[in-house]
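Student: Could we go through this structure together? I would like to learn how the labels are given.
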Amino acid sequence: MVSSKNFDLPYDVVVVGAGNAALCAAISARQEGCKVLVLEKGPLHKRGGNSFFTDGAIRFAYNDLDAIRKIVPNLTDEEADLIEMPQYSEMDYLCDLMRVTQGKSDPSLAKQLVLQSYDTITWMKEQGVTFILNYENQSFEKEGKRHFWGGLPVKTKNQGVGLMEQLFSRAEEIGIDIWYESRATELITKGENITGILLEQKGEIIKVNTTGVILACGSFEGNKQMRSQYIGQEWEEAIVRGTEYNTGDGISMAIDVGAKKNGQWSGCHSIGTDYNAPKVGDFTKPGDIFKKHSYPYSIMLNKEGKRFVDEGADFRNYTYAKYGREILKQPGHVAYQIYDSQVRPLLRKEYDLEEATIYQANSLEELVGLLPVNQEQFLKTIKEYNSSVQEGQYSPTEKDGKGTIGIFPPKTNWALPIEKGPFYAFPVTCGITFSFGALKVNSIGEVLNEKEQPLNGLFAAGEMIGGIFYENYPGGSGLMSGAVFGKLAGESAAIYARKNSKAAI
């Protein structure tokens, strides 16, 4: 039998969710003098949302290496002298964002994300988050120097695990209350104002009085029914890369009190991930360990032995978030990344982990014989690809223009014949990260109603904001968006609380 009770001690702000966006919001509101409660749907050992599973790479605008050194202060002068760090300006960031979203990103949200990115990174560092240079995936060595590329030179120490450990530590240090196994179910309103929130906790229905609520509990990628309804029936088969607890609860609660939908409800961030990856994120194997992101050096074939994307269209930073859905469209929701010994040393470290599924053989015929595919067509496609590769200088660290001619789809860059054994096949399927459909939110984190007016006392951050990402996104922008709009939502909620709450201290 479910019991219920009221929680009489009021909070200025209740934050729903406990990932990067949520904790940035909570810390921001607390710094402004608010009494803050965080509700985490999962248990203590499964806290941290999708952020826990990320690689930690975070995209922000910066002027030069000196700006980076303020974020990574332990970089010595000797190390700095060996680094070539190209500028990644606010205009560069904005152009990348608008380019990969096909110009659909909401201009006010896009500009806020970009313009606030560096200040927010600085603020995160002040909260105890440790950043390191992303040597492994975003730099290459040339003439004795490390050359960074792609606008993504910084990541959090110890990936998403380290990020969340440091944010939780900071939240607890400054007196933020965190309740685990606490599923928010309903927003309480009086007139046009948010006055409280209902939650389920260990068999009880609890009402918490509050002036403001910040929704930062992710999108609906963990909800099979919502994936099928909004993105497509085939998405029932997608692996959920992150937390199992992102099931659209916050979106539904907000819509129930009049929030307007926004964004691409038929779209999502999805990637190629190991075919045998867990069906939902495994908290005992944190970090982004199942992804397979060296595909620009491969050709990808489906079970029928046919290619279906231009693997070398762009750097992986700008294509990986949309290629997952292309894999999902293939027969059996599977594809095979094929490499030879020429490029095998270039592959990212996830290909060397014990969790990686790999087939290896000394000849292509032997390799294809190991796979459950149309073997004749598979070999024919590889032969046609090899014959189409054009002469040119192969340069894996830049768009080298070394492509193919006479086949479709083409391979625009990084085309080498697959001809030197041993040969390798990595089976991949689609892993969904988050859905793009969410709420209409303004540039300071206020949730808007159908008339596009703020809902009094309701704010949102992270994946709860619709309208930033469409079709695709630049790598590292998700964590940055969560932090930027989390911090802004916390500040906005605090301003609202000071005007309307007696609990502020």
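This is a predicted model: local features need pLDDT of at least 70, side-chain atom pairs count only at pLDDT 80 or more; totals for chains, interfaces and linings use all residues.

Student: What classes of residue make up the lining of the second largest cavity?

Tutor: There are 11 nonpolar, one polar and two charged residues in that lining. Strand β16 (residues 335-340) gives the most to the lining, with three residues.

Student: Why is the pair E172 and R47 called a salt bridge?

Tutor: The cut-off is a side-chain nitrogen of Lys or Arg within 4 Å of a carboxyl oxygen of Asp or Glu. For E172 and R47 the closest N and O atoms are 3.4 Å apart, so the pair counts as a salt bridge. This pair links distant parts of the chain, 125 residues apart: E172 is in helix α8 (residues 159-173), and R47 is in the loop between β2 (36-39) and α2 (65-71).

Student: And what makes K487 buried?

Tutor: Buried means under 20% relative accessible area. K487 has 17% relative accessibility, so K487 counts as buried. Its salt-bridge partner is E491, at 2.7 Å from N to O. E491 has a relative accessible area of 23%, so E491 is partly exposed.

Student: How far apart are K487 and E491 in helix α14?

Tutor: They are four residues apart in helix α14 (residues 477-500), so about one helical turn separates them.

Note on methods:
Residues are numbered from 1 along each chain as its sequence is written. Side-chain values use heavy atoms; hydrogens and water are left out. Helices (H or I, at least four residues) and strands (E, at least two) are DSSP runs, numbered from the N terminus. Ala, Val, Leu, Ile, Met, Phe, Trp, Tyr, Cys and Pro count as nonpolar, Asp, Glu, Lys and Arg as charged, and the others, Gly among them, as polar. Buried means under 20% relative accessible area, exposed over 50%, partly exposed in between (1.4 Å probe, protein chains only).
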